[in-house]
Amino acid sequence: MSDPVHPSIDGLSRKLAGFTQGFRLQQAPASVLANAKLAILDCLGVTVLAGKQEIGERLRNFARSNVGPGNCTVWGMEFQTHARDAAFLNGTLAHGLDYDDRNHATTYTLASSIAMSESVDTGGRAALEAFIVGREVRASLDSLFSHRSSGIGPGARGWHSNGILGPIAAACSASKVLKLDIQQILAAIGLAAGSCGALTRDGGTMAKPFRCGHAAATGVTSALLAREGFTSDETALEERYGLLEAVGPLSEQILASLGKDLGVEWDLGRSLRIKPFASCTATHSGLEAMLRLVQREKIAPEDVEALECDLRPYPLVRARPGRGYEGRFSMPFCLALALVYGKVAPDDFINERLEEAQIQELIRRTRHIPKEEVLTVTLKNGKKLSEPFQPPTNLTDQSQVSEKFAQSMSQAFSPDRTRIIENHVMRLEDLASITELTNLLRTA
C-alpha cells in the first residue's frame, strides 16, 4: 500500500463505507427526516415537470429506442425499465430544468435509491435510509468544490461537482439498498470514483443534467457489480494516483475536512435550499433584484437604454444564449424575462421566448460590470433605477415546497393524485413497498 495523499484522509474510503453500511434511520435527528422528505417531494415534482418539457421529449424518444423493459418507474412517464436506465432517466430529468435544490445532490441519490429499491422490492424505510446516506456522503465531500468562486479546488479549473462526487454518493445509496458488506461497498466506491467526470462548461446545455443521470446510473452499476464480486482499488479516493490527487492540488484545510463530520453533523439537518426559479442559482440574485425593481417602478422595456450588473460569467457561461434552454445559464436572459413579464416561470426557457424582439433587444443592452452587486437600469431619458443584490430566496417550509410540488405535478396528475403522492412521501418510512409510491408516479 502506498502513502495517502495526506495523512488526514487516510482511511477516507473506509469511513464512507462504514457510514453507508451502519446508518439506521433512528440515528438521524427528526429535522433530518423532515428535510429529507421535503427534498424528495421537491425532486419528484421537478422531475415530473421536466418530463413535460423539451428535455423530457428528448429522453422519451431516446428511451423508446434504447432501453428495455423492467420493474423500475420513470417518474411522470408511461413506461418502466431496469434499475440502471431508470436511475439514468430519473437523475437526468431531476436536474433537467435546473429547478432542483441548489447543490443538486438529491437528483442522483434519490434516483439511485428508488430505482434500486424498486428493483429488489424493498420498503420505503430502506429507500429513505439510502437517500439520506447518499446525501450525507456527498455533503461530507463538498468542500472539494466549496471554494471554486475563489479560484480554489477542482471546480475553479472546470470540473463540476455533480460528475465528480455524484457517482460516489449514488454508489453508496445503491449499496445501502443492496445491504452490501464493507468490502463490497469499498469496491463500489472505487468503481464509481474511477467513473467520475463533468465540466462546468456544460452549464446551460443538456449535458449538465446528463451528468446527474450518469452519476445515478454509475452508482447503481457500481453497486450491482460489487455485489457480484467485481473489484476495484479500496483506497481509490485517498491514495497516490487516486481521485483526490487527480483533481488536486488541494489545500491541507480542504483535505482535512473531507468526511470529518460524517454521521456527526447532518447536512440535511440544516435549512434546505429549494429553488423558486428554474435557472442556475447564480442568476437568482439578479433576477430577484429585477423583480423587486419592476414591482416598485413602472419600466417599459422600450424605454431601457442599458442594464448593468455583475453578470456572473463564472459559472454563467451563456451570456448570449443561442437557444431558450441555454437561458437558464444567462443573466441577461433572466433579467430580460423578469423585466418584460414581471416573473420567471419554468416554461419560459424556450426558443420562442428567446426570439422575442423585446427580449433580444434587452439582452443586447445588458452590460457586465465586474463585482457590481447592484442592478442598475438606465432609461433613455437618462434616469437611473437601482436595486442591490441580496442572497437568493429559498423555499424552506412545507407549505412553500408543497405549493411548488403541486404546480410542478399539475401537467401530469390530478390534484387528488398529487395529494396522495405527497402523503406517501411524508410517511415514506411506513410504506411496506416502495411501489406504493412509484406506481402513482407512472402515467397512463
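**View 1. Glu308 and its partner across the strands.** In this predicted model, Glu308 has Thr376 of strand S5 as its bridge partner. The two strands involved here, S3 and S5, run antiparallel and are joined by four bridges. Where does S5 stand on the question of buried or exposed? Mostly covered: five of its six residues are buried.

**View 2. The open sheet, strand by strand.** Four strands line up in the order S4-S3-S5-S6, making an open sheet with mixed pairing. Strand S4 (366-368) and strand S6 (384-388) are the edge strands, each with a single partner, so each has one side left without a neighbour in the sheet. Going from one strand to the next, the twist averages 20°.

View 3. How do S3 and S4 run, parallel or antiparallel? Strand S3 (residues 304-309) runs parallel to S4, and three bridges join them. Look for Cys309, which stands opposite His368 in S4. Helix H13 (residues 331-341) packs on the sheet and touches S3, S4 and strand S5 (374-379). The direction of H13 makes about 130° with that of S3.

**View 4. The S5 and S6 hairpin.** S5 and S6 run antiparallel, with five bridges joining them. Four residues sit between the strands of this hairpin, where Gly382 takes a positive phi near 95°. One facing couple to pick out is Val374, which stands opposite Pro388 in S6.

**View 5. A closer look at Pro388.** Pro388 lies in strand S6. With 40% relative accessibility, Pro388 counts as partly exposed. Which residues is Pro388 in contact with, leaving aside its neighbours within four places in sequence? They are Ala289, Arg292, Glu373 and Val374. For a sense of scale, the C-alpha atoms of Pro388 and Gly11 are separated by 46 Å, and these two residues are 377 residues apart along the chain.

**View 6. Phe23 and Trp266, a tilted pair.** The structure holds six aromatic pairs, and one of them is Phe23 with Trp266. This pair is tilted, at 5.8 Å centre to centre and with 55° between the planes. Phe23 is in the loop between helix H1 (12-22) and helix H2 (30-51), while Trp266 is in the loop between helix H11 (252-257) and helix H12 (281-296), so the pair ties together parts that are 243 residues apart in sequence. Buried or exposed: what is Phe23? Phe23 counts as buried, at 0% relative accessibility. Trp266 counts as buried too, at 11% relative accessibility. Phe19 belongs in this picture as well: Phe19, Phe23 and Trp266 form one aromatic cluster.

View 7. A pair of aromatic rings is described by two things, the distance of the centres and the angle of the planes. Why is the pair of Phe88 and Phe210 edge-to-face? The ring centres are 5.8 Å apart and the planes of Phe88 and Phe210 stand at 75°, which is over the 60 degrees needed for an edge-to-face pair. Phe88 belongs to helix H4 (residues 83-94) and Phe210 to helix H9 (residues 207-227), so to speak a link between distant parts of the chain, 122 residues apart. Phe88 counts as buried at 14% relative accessibility, whereas Phe210, at 34%, counts as partly exposed.

**View 8. Two arginines over tyrosine rings.** The charged end of Arg328 sits over the ring of Tyr325, 5.0 Å from its centre. Arg353 lies over the face of Tyr341, and here the distance from the ring centre is 4.4 Å.

**View 9. Stepping back to the whole chain.** The chain has 18 helices and six strands. Its radius of gyration is 22 Å, close to the 22 Å that the globule rule gives for 444 residues, so the chain is as compact as a globular protein of that length. Taken along the principal axes, the C-alpha atoms fill a box of roughly 70 × 50 × 40 Å. Of the 444 residues, 59% count as buried. Among contacts in the chain with a separation of 6 or more, 77% come from residues 24 or more positions apart.

Technical notes. Residues numbered from 1 in each chain as written. Predicted model: local features only at pLDDT ≥ 70, side-chain atom pairs only at ≥ 80, totals over all residues. Heavy atoms only, no water. Pairing = 2+ DSSP bridges. Axes fitted to C-alpha atoms, helices over the stretch in contact; angles between N-to-C directions. Contact = heavy atoms within 4.5 Å. Phe/Tyr/Trp six-rings, centres within 6.5 Å; stacked < 30°, edge-to-face > 60°. Buried < 20%, exposed > 50% of the residue type's maximum accessible area, 1.4 Å probe, protein only. Lys NZ or Arg CZ within 6 Å of the ring centre and 35° of its normal. Rg over C-alpha atoms; globule rule 2.2 N^0.38 Å.
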